[in-house]
Amino acid sequence: MMVVIPTLHCGGRCEEAINLYKKAFGLVVDWQGKDENTGLIYHTEARIGDQRIRLSDGAEGEQIQVDSLFLTVVFDTVEEVEKTFGILKENGLIEIMPHKPEFATCWSMLKDKFGVKWSLMVD
């Protein structure tokens with residue numbers, strides 16, 4: 001079996017990103033390793049729903065730089081999309097406001113303050 005696990009380097013702001021994703025997605029941290037000397041997070045094993053995700057501080061100021069890569073989260077309700085969109089848009093960059101396109105009940109896209117691009121939708 002092959003598994004793809006998104007890994008986010010948060011530019012020295014991993015703890016802040018984890019707190020934001022807990023609020024936005026109900027992120028659950030399963031394990032975390034911190035450097036005793038610097039206090040930086042070098043590895044976090046976490047889950048958003050059933051999807052595993054890894055986070056770390058990475059290099060200072062490092063953010064995801066590829067605009068063609070994004071993470072899609074499929075919700076059960078439009079209200080969940082709107083709530084999560086509202087949380088992630090603070091200090092982020094809105095690309096597409098929540099709306100009803102031809103291919104879904106609701107869809108939106110934005111880049112959060114850490115440079116992570118999210119597609120939030122209801123099929």
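Lys-113 is partly exposed, at 24% relative accessibility. In this predicted model, its side chain meets that of Glu-16 in a salt bridge, 2.9 Å from N to O. Glu-16 sits in helix α1 (residues 14–25), while Lys-113 belongs to the loop between β7 (106–111) and β8 (117–122), so the pair ties together parts that are 97 residues apart in sequence. Glu-16 also bridges to Arg-13, with the closest N and O atoms 3.0 Å apart. That links Arg-13, Glu-16 and Lys-113 in a network of salt bridges. As for accessibility, Glu-16 is partly exposed at 33%, and Arg-13 is partly exposed at 33% too.

How many salt bridges does a search of the whole structure find? The count is 7. One of them joins the side chains of Arg-52 and Glu-45, at 3.6 Å from N to O. Here Arg-52 is partly exposed, with a relative accessible area of 34%, whereas Glu-45 counts as buried at 17%.

Now for some negative charge. Asp-76, Glu-79, Glu-80 and Glu-82 gather in a patch on the surface. Among them, Glu-80 lies in helix α2 (residues 78–88) and is partly exposed, at 32% relative accessibility.

On to the cysteines. The closest cysteine sulfur to that of Cys-10 is in Cys-14, 4.5 Å away, which is too far for a bond, because a disulfide needs the two sulfurs within 2.5 Å. The disulfide count comes to 0. Cys-10 is buried at 4% relative accessibility, and Cys-106 is buried at 3%.

Note on methods:
Residues numbered from 1 in each chain as written. Predicted model: local features only at pLDDT ≥ 70, side-chain atom pairs only at ≥ 80, totals over all residues. Heavy atoms only, no water. Buried < 20%, exposed > 50% of the residue type's maximum accessible area, 1.4 Å probe, protein only. Patch = residues over 30% accessible without salt bridge, like charges linked within 9 Å, V, L, I, M, F, W, Y side chains within 5 Å. Areas by Shrake-Rupley, 256 points an atom, 1.4 Å probe, with all protein chains shown as cover. Salt bridge = Lys/Arg side-chain N within 4 Å of Asp/Glu carboxyl O. Lys, Arg positive; Asp, Glu negative; His and termini not counted. Charge placed at Lys NZ, Arg CZ, Asp CG, Glu CD. Helix = DSSP H or I, 4+ residues; strand = E, 2+ residues; numbered from the N terminus.
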